[in-house]
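I set out to look up a few features of this structure and to record each one in turn. The entries follow the display.

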Amino acid sequence: MDIILPYIWAFLIGGLLCVIAQILIDKTKLTPARILVSYVVAGVILGGCGIYKYLIDFAGAGASTPLTGFGYLIAKGIREEVDKNGLIGVLTGGISAAAAGIAAALIFGLLAAICFRDKRKQ
Amino acid sequence: MGNIIQIPKPVYILSSATVVGQHEKKGPLGEYFDIVGDADDTFGCDTWEKSESEMQRLALSRALNYAVKKDSDLEAILAGDLLNQCAGSCYGLVNFDTPFLGLFGACSTAAEALLLSSLLCSSHMNRCAAVSSSHNASAERQFRYPLEYGGQRAPTAQWTVTGSGAFILSNKKEDFVNTSYNGSPVPVISDVCIGKSIDAGITDANNMGAAMAPAAADTLLRYFKESSSQPRDFDIIMTGDLGFEGSRILCDLTAAEGLDISAVHCDGGLIIYDRIGQDKHAGGSGCGCSAVVLAAQVLRGIRTGQVANILFIGTGALMNPTAIQQGASIPGIAHLVHISSDIL
Amino acid sequence: MQIDKKSYRKYADARAQKSPCAKNCINAFLYGGFICVIAQGLKDLYMTFLTEKDAATLVSVTLIFLAALLTGIGVFDRIAKHAGAGTLVPITGFSNAVASSALDAKGEGFVLGVGAKIFTIAGPVILYGITAGAIYGVIYYIITLII
């Protein structure tokens, strides 16, 4: 049971974060781009307040995979850099913490554009 | 008064040709389209804008074939599409040796081109071509999201038709002699009504039907107020691409003014696809939608003698992505062309 | 024709077909949850030979790669049509937004086409993520000075 439990929580919390976004899309006509931005900012705020850490400890990938987890990483990175280097950490911490995600998305995106072309809608 | 412009001498639709993509081929009218593209809808081109241009070239070439005419027999081409600067038409028709007029009327362009062509052919010219097109992929790129973007479409959203229609208009009856249409009833344009741009306050770019319906209602109301005819005098009153939402609203709006068109109304956006089976939400739309349905369904009906008197109302949502982002609402427009049948 | 914009908009909205929210939510829950379970599985796998922090990073990179690949071969949008927010909210949605923008702009060249448009959706996410982070950092710095 101890092996399966983290997976169940990851499924439930991850699924729930998606459901909240789905309701926002369907009911408020928020565009998906705005949802992504809101989720990252929400992650920064919740991460900054120290709340999101509990969710990560509890749900693992269920909390770190949604874009709120990306925001949490930014907040965490900035806090660590500020602790280490003072005010300059405000500028250096965020992008460093998010570097892998941003670089991977950009490079794989570019590779996709080199290797493939867009197809008509099915 | 003066809403209806009578065409002083008969202007015939000498020929028409349609080019469509795979989704349209699989729709209820699939077998009646003249040219169907490749499986990818690229028409052999490396960008979607070029594909759309190629569709216009194919459509006009085929229409000229059917009319047994050359490009130099035409005195003008009037053409438009949904792309910025009407790129689909400008590039697609550049190799025809004919004076060219580019038009923009959003999805009403087919009707706008027919309307202006018929006026030109009844006075200063003998033969004109009216061409319009839309391509689902180039329209998605320009107005919505990248094609591979993973989003969900709203139930009120319409599907831009991949299609192009070309019509050759002529005021000479003898032009039919060498064509395969000789001996059958032929379509003739008798009067037209220019639409007014009407802003009903719709800001939702996913509900174009609601933005266009008031313009269609306005044009129809002005037409029947001035005309001696009644809706029941027509076999079909065909709107271009109001879709499911817009069609219902149009019937409501006209009924509220005492004009019941529901018995003879049909909509290009609703009949081009099996809306539910093909998962096309509120139906088809685009410059190509009204053009290919007019040619493949209505004009075919006239030539085979099934229908003889029709009103074609090209509907357009004059939507500009920049204006939408700035919070503006979407004006609609609807041009009317009265087409009847003439026995040669 | 006279038309009152306010009442017409209300009328059009009221009769417009609504998104099937309940069905969409169930799909979003299942797809989103499934992606997170895969992420958890990958993390457990990677932790057999990496530290927890590196494993978490590699999980994100793996998901981003898969989403970009599925976008390239034209499959992502077909899944997302059903999954909705289920594929949008996980890091896969960010990757798809980047890759689809890049693919879309290919015809306009690799500098001002792909190079510029790749940031269409990634740009706002990075901009406001970093800005929100910086605001939090300043607040946090002031708090550390006080305490």
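I first noted the term for burial: buried means under 20% relative accessible area, exposed over 50%, and partly exposed in between, with a 1.4 Å probe and protein chains only. I also noted that this is a predicted model, in which local features need pLDDT of at least 70 and side-chain atom pairs count only at pLDDT 80 or more, while totals for chains, interfaces and linings use all residues. Residues are numbered from 1 along each chain as its sequence is written, chains are lettered from A and ligands numbered from 1 in the order in which they are written, and side-chain values use heavy atoms, with hydrogens and water left out.

**Entry 1: a residue of chain B.** I looked up L311(B), which lies in strand β13 (residues 309-317); strands are DSSP runs of E of at least two residues, helices runs of H or I of at least four, both numbered from the N terminus. L311(B) has 0% relative accessibility and therefore counts as buried. I found that L311(B) touches, among others, L220(B), F234(B) and V337(B), contact meaning heavy atoms within 4.5 Å.

**Entry 2: a helix of chain C.** Is α6(C) enclosed or open? I recorded that 14 of its 14 residues are buried, so α6(C) is largely enclosed by the rest of the structure.

**Entry 3: two helices from two chains.** I noted that A100(A) and F108(A), among others in α6(A), meet residues of α3(C) including V61(C) and F65(C). I recorded the crossing of α6(A) and α3(C) as right-handed, meaning that the near helix is turned clockwise from the far one by less than a right angle.

Terms used
Lists of a residue's contacts leave out its neighbours within four places in sequence.
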